[in-house]
Amino acid sequence: MAKKKTGNTKSRRIASISSVAVFIFICAGFVLETFLADIQVNYALVAPVMVIALVFVIIILRGTSDRGNLAFNMPFFLLLFFTSLVLFFNWHTDHYLIIGLVFFAISCIYSHFNRTMAFFVVQNVLTGILIIRGVPVGGYNIPLVTVLLNWVICIFAGVLMLVLTRAATIHLNKALLNQQSFEDLLDTTENFVAMINEHNEVVYASRTLSQLGSTNEPLMVQGRPILDLFPEKSLKIYAAKMLKEKDNYAEDWEFTLNGQKRYFKAASYGMRGGSGGALISLYDMTQLAERDEIAVMKDSMKIGLFFMDSSYVIQDHYSRYLEEMLVDTKLNGKYFTDVIADSVSENELNTIKDYFNMVVERSYDQEMLEEINPLNELHYVNRNTGDKKVFQFAFATVERGRGEVFILVTVYDITARVELQQRLADEEARRQEEMQSLFELIQVEPGVFSDFMQDMEYEFDTITSILKNDALTTHEALVKTYQSVHAIKSNAVILGLNIFGNKAHNLESNIKRLREMESDVPFAEMLDLALEIEKLTVEKEGFKDIIDKLQVYSRSGGAAGSERQNVKVLVESLTKTALKAAEDMEKQIKFIANDIDVQAIDVGPRRVIKEILMQLIRNSAVHGIERPDMRTSKGKNETGIIRLSIKMDESGKKINIKLSDDGQGLDYKKIAEKALSSSLIKKGDEDNREALNKAIFAPGFSTAKTESVHGGRGIGLNLVRDRIKEVNGNIKLRSEDDKGVLFLITIPV
């Protein structure tokens, strides 16, 4: 490129110097000829004109950057200046045609054929006009024939110069083009290319090879021995061997340069004509070699690797193991979001897409993007095979040509790790649960716990018989099972067996869900329910083992002792019921049971009595007794009272039970609204307290807005009604606003 510029500058300089010289010659010739011919000329006017013309010549030379434009502009201006002297200042020169030919020669020196041709046409048209007008372009008293003959000779000479200029221009442009193309190649190629002479000195060198010799300018290495450009000893040895066989050399080089392993494919070819020179080419294979190594690693590593564009499309090249991980083939061209669509919800998929956009746009730094990665743990499900695995994805951006950004995705199969962590977590939870259960059991009085176990055995046996009873409809079986599970849960929560109580509460929730299904309950759902009950049964059996290990279970001997023990256990269980509910509801409650007939407990259905009283006490604690601040605002004592009386009647055939509280009483307005909406009462019965009292014992009836382990599901009073009905008893209630509720229960012996 530099040589081309140098050649252009040289030819332009010659033409420009010639133009100035001809201008000066014209001015001198004008002065000399007009003076010798004694022609009257106003030199005071001519001198400024010549100076102005010289200024224009300089302006044209300096102001025209394109040499091709000068091929027309400069000779044309000189021709106009010369013609002006002839026309306006009576210069009777005999050399007009010759000087015009000189102007044409200057145009040829500028080496632009098209503009030289244009000047040739303009010049001869102007000459023809002057001849027609009688201007003495050949001098005075010169015959016209002679002038025309001289003009023809000049035209012929011009055509000859034009032909020569054309040929020279073609060859020159071709040579310059070839030189320019070769130099452009050396400037732009990434290969290490050099032309050397017979002395192994650099004639031409690519920029990359110059940089190997610690310079960015190829001109700086011209004339230097080629060996000087190779920095390392091992590289110089390779180069020396190449120069020794430079006419026909081809080898692969492997060496270390600046601490980096490099690979070159080297070749040398002798120049034509036996000059001893050679063309050297070194192709850098480092990236290809590294790419091959990476490809081997990529296909041998047990991880998934692939590129994804900003539209989530998986690109062509990905690791072989990826197909095995995803249990899918021909992944290229598929949308990654489609591949994982069955493993996430629609909202999660939208979140993942938003995250990919942040990765592409680099909205946050890499550390932040790793922290918010929504695919740090993906539970993958293959849509075709149903295979389930757990993957961890990592994302990084890679920018390719034209600024296009791709996401490099790394996939790790962490299924085994997650399963191990889950097993460890389950084992730790089981151990913690055992320790908690042990701690809870230690604090239960042995007699109370024995009573609890007997009742629980009964309820589980009841559930078993219910599930085996083909005469019951699914709905009826679920209602009865629900009642038994509710009784088990209530007993467990009262005794402080929270872990077992929570499991029973979850089972109760599942039964409630099935019971509320509008369509038939699927067999698979009932089977799952049976399995859940079986798990709870196994949990119950574990209590026996723990108690046996603790060896804390004991009984007092004797009939009278047993009777008193039964009363003690019942009262303690009911007291725990009241205190547990009060604690959880943040209330203050005192349970008073001073009037208990030992005989009634001994001859009556002890389990039923205990169960219905526990439900009613919980109901009073949750719904009846107010919070301390509300009680004081009503003028009541902060502590609510629940009283219990169990007596045999005079005939000895009935047990009369009275349970009362001093709470807020029943909210008949809420009860009426709920009962009416549930079609438990007729329109117009909103004030019928007998109908409303009956409605509150219906299955699922509750005015509570939220559910908890203590109530809100509408099963407690329904359980009371059914248990009393089982022993042919009856129940009545009285309620008075802000004075409380009284339950009157009669059970035959």
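This report covers the nonpolar cores and the cavities of a predicted model.

Local features need pLDDT of at least 70, side-chain atom pairs count only at pLDDT 80 or more, and totals for chains, interfaces and linings use all residues. Residues are numbered from 1 along each chain as its sequence is written, and side-chain values use heavy atoms, without hydrogens and water.

**Cores.** A nonpolar core is a set of buried Ala, Val, Leu, Ile, Met, Phe, Trp, Tyr and Cys residues joined through side-chain atoms within 4.5 Å; buried means under 20% relative accessible area with a 1.4 Å probe, protein chains only. The largest core has 51 residues, and L644, I646 and I657 touch the most other members. Helix 21 (residues 606-624) gives the most to this core, 8 residues. Helices are DSSP runs (H or I, at least four residues), numbered from the N terminus. Another core of 45 residues lies apart, with I39, V46, V135 and C154 among its members.

**Cavities.** A cavity is a set of points on a 1 Å grid over the protein atoms alone where a 1.4 Å probe fits but cannot get out; lining residues have an atom within 4 Å of a point. Volume is the space filled by probe spheres set on the points. The structure holds 3 cavities of 30 Å³ or more.

| Cavity | Volume | Lining by class |
|---|---|---|
| Largest | about 110 Å³ | 8 nonpolar, 5 polar, no charged residues |

In the largest cavity, L97, L101, Q123, N124 and C154 lie nearest the centre. Helix 4 gives the most to that lining, with 5 residues. The lining of the second largest cavity includes R607, K610 and E611.

Note on methods
Buried < 20%, exposed > 50% of the residue type's maximum accessible area, 1.4 Å probe, protein only. Helix = DSSP H or I, 4+ residues; strand = E, 2+ residues; numbered from the N terminus. 1 Å grid on protein atoms, 1.4 Å probe; cavity = no way out; pocket = protein on both sides within 12 Å on 5 of 7 lines; lining within 4 Å. Nonpolar A, V, L, I, M, F, W, Y, C, P; charged D, E, K, R; others polar.
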